[in-house]
Amino acid sequence: MKRLMNRHPGSIGRVFLTLLPFLLVVLAYAIASDIRLSENPSDKLLPSLTSIGSAVERMAFEPSKRSGDYLLWVDTLASLQRLAWGVGISALLGLVVGIANGVIPYVRANLSPFVTALSLIPPMAILPILFIVFGLGELSKVVLIVVGTAPFIIRDLQSRVLEIPSEQLIKAQTLGASTWQVILRVVLPQILPRLLDAVRLSLGASWLFLIAAEAIAATDGLGYRIFLVRRYLAMDVILPYVAWITLLAFIMDYALRKVSIKLYPWFHGLSKQGTAA
Amino acid sequence: MKKNSFTHVLSLFPKLLALTLVIGLAAPSPALAKDKFRVAWSIYVGWMPWGYGDNAGIVKKWADKYDIEIEVVQINDYVESINQYTAGAFDGCVMTNMDALTIPAASGVDSTALIVGDFSNGNDAVILKGKPSLKDIAGQKINLVELSVSHYLLARALESVGLAEKDVTVVNTSDADMVSAYATAGVTAVTTWNPLVSEILAMPNSHKVFDSSQIPGEIIDMMVVNTKTLAENPKLGKALTGAWYEIMSVMSGTDEAGIAARTAMADASGTDLAGYNAQLASTLMFYQPAEAVKFVNSDALPATMKNVAAFSFDHGLLGEGAQDANFIGIETPAGVVGDNGNIKLRFDPSYMKMAADGKL
């Protein structure tokens, strides 16, 4: 008989096992909600799936009574723009400073301890300073994401650069490469997939800082809406928003992984044709 | 709201499952006569007495008198404390009249305003940077906690100069960050409450252009308890009310005990005695139960609640089921506001009356 560790579920079984925990959560929710609603039909803490459904319809497919906007889409667009700016700037900073730190000892001696110290400051604790310097508009929200995630990406890429075998760097130099050429031809191509990895891992933190920023001062955004309607316990709006955020984050993570596999198959142990090497 | 067949099937789903499955997620059903009660409070000038009364043993003394236990819990986040009360984690909670209508009452939790402690008499204010008159507010961005009493105050302020909310842009801003937000160049107008108001007015070029003393008696701070719990346990109402007015008589005194009590409350709210006295000056405290009873019995209360209900309905705070501002019934001694068949918020002066008559 095959050992348990060698037995694999079939493709249908795999789908079932994947969906099972999700279904159980929905089921447990539906039962708990039903019990609460049978005691108080107006209970808002655990609204029924039907009222969640009608809240989704209201937020996503009907124009708002007050502004005429389709709120879910307006909020999503606003949040994604802030997130794209924040993550984009963080990634760029991470790439530039991370490589400079990793390759050039003078820069490393100068910046590396500073970046380490910066990365250890909890950004939420210095919010008032960020506000006064960057104002309360879009800029401060993007800055909060950058402050929260860029130091992490920089540190990660710096250590990835330092992991590049010194033989490679020496070989390139014996072939006559300058510092700039080593960065461009040896370091950069090996670091880019690691950058995508670091960005993937920091997406969770980026969302956290985005929502925190929107909770503090905003006129739109996914985090804004959640914290606004929390004022009257509208869980029928909050729960689908949370599910939507989770879905968006999952799609981003998945897309980054696919891009990485497509562009850098060697990094994932694959040949150019996408089969295992 | 139209129901498509998919959501209809979804709605049947849990009912079938609830029959076949027993899961420990059920909300615990409250025992009929429980002896232990929990009430929540959060930091605000008019609610600091609860913390003091708990620490000084006054609440325990009154609970012992009626042979019950009362746990007084401080919650750092005001809205969260109301949400917890609404979800059933507390038997009572301090809140304003507007939040009592829009959170527990709108969630179907029948609630009673047991003790009306005070009303804001200047504690909430509209502040402009560099502009001395309320009329200058037109076209500005105003930072405030959206859907809170600040928002209500702003709506009343705009009304008073013939403007409407569409003439301004409201920016939802966390109260914790209001003072630092005001210090930034982009912020030119805020609406908020004390102690933030005094912090902000202390900054240069700040003008208070409207405050709650211009709408006296409309922003009311009270201890709200679950109506069903109160009906089953009148002892809870008696103990809380008795404790409250004992605290009031201590803190309103000019003697050493009164000063010590106010100093303790000042410390707990992060200010000093002078700061706390200044906040008390813009709060109309009902130190005597008879004053509170008179206020609750007045004709002004239903008129105020009518305004509050209209504002709440306009901003979608009464829930999707509400067809108009009269959806939720509010019972006051001078008459019912809204739907008589759906009363979810009750102003009940009977316990304060007992205190006034010395019957506790």
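**Walking through the model**

Modeller: Chain A comes to 10 helices and 1 strand. Keep in mind that this is a predicted model.

Colleague: What pattern does chain A follow along the sequence?

Modeller: Reading along, it goes α-α-α-α-α-α-α-α-β-α-α.

Colleague: And what radius of gyration does chain A have?

Modeller: Chain A has 24 Å. A compact globule of 277 residues would be near 19 Å. Along the principal axes, the C-alpha atoms of chain A fill a box of roughly 80 × 70 × 30 Å.

Colleague: How much of chain A counts as buried?

Modeller: 36% of its 277 residues. As for contacts in chain A with a separation of 6 or more, 68% of them are between residues 24 or more positions apart.

Colleague: Let's pick a helix. Why does the end-to-end distance of α2 in chain A agree with its residue count?

Modeller: Helix α2(A) covers residues 49-61, which is 13 residues. At 1.5 Å a residue, those should span 18 Å. The end C-alpha atoms are 17 Å apart, so the two agree.

Colleague: Which residues of α2(A) are buried?

Modeller: Leu49(A), Thr50(A), Ser51(A), Ile52(A) and Gly53(A) are buried.

Colleague: On to the two chains. How many residues of each are in contact?

Modeller: 43 residues of chain B are in contact with 39 residues of chain A.

Colleague: Which elements of chain B each supply at least two residues to that side?

Modeller: Those are α1 (5-20), α4 (78-87), β7 (169-173) and α7 (178-182) of chain B. α1(B) gives the most, with 8 residues.

Colleague: What's the make-up of that side by class?

Modeller: The side of chain B that touches chain A has 23 nonpolar, 16 polar and 4 charged residues.

Colleague: In what sense do β1 of chain A and β7(B) pair?

Modeller: Antiparallel, over 2 bridges. Strand β1 of chain A is residues 217-218. Ala217(A) has Thr173(B) in β7(B) as its bridge partner.

Colleague: Switching to chain B itself. What domains does the assignment give?

Modeller: Domain 1 takes 36-119 + 218-356, and domain 2 takes 124-214. Their C-alpha centres lie 26 Å apart.

Colleague: How many residues does each domain put into the contact?

Modeller: Domain 1 of chain B puts in 13 residues, and domain 2 of chain B puts in 10 residues. On the domain 1 side, α12 (273-281) and α14 (300-314) of chain B are the elements that give two or more residues. α12(B) gives the most there, with 3 residues.

Colleague: And by class, what does the domain 1 side have?

Modeller: 7 nonpolar, 6 polar and no charged residues.

Colleague: Last one: strand β5 of chain B. Mostly covered or mostly open?

Modeller: Mostly covered. Strand β5(B), residues 124-129, has 5 of its 6 residues buried.

Colleague: Which strands does β5(B) pair with?

Modeller: β5(B) runs antiparallel to β8 (residues 189-193) of chain B, joined by 5 bridges. β5(B) also pairs with β9 (residues 206-211) of chain B, in the antiparallel sense over 5 bridges.

Colleague: What stands opposite Ile127(B) in β9(B)?

Modeller: Lys208(B). In β8(B), the bridge partner of Ile127(B) is Val190(B).

Notes: Residues numbered from 1 in each chain as written. Chains lettered and ligands numbered in written order. Predicted model: local features only at pLDDT ≥ 70, side-chain atom pairs only at ≥ 80, totals over all residues. Helix = DSSP H or I, 4+ residues; strand = E, 2+ residues; numbered from the N terminus. Expected span 1.5 Å × (residues − 1). Buried ≥ 20, exposed ≤ 12 C-beta atoms within 10 Å, placed from the backbone. Contact = placed C-beta atoms within 7 Å. Nonpolar A, V, L, I, M, F, W, Y, C, P; charged D, E, K, R; others polar. Pairing = 2+ DSSP bridges. Domains from an automatic or database assignment. Rg over C-alpha atoms; globule rule 2.2 N^0.38 Å.
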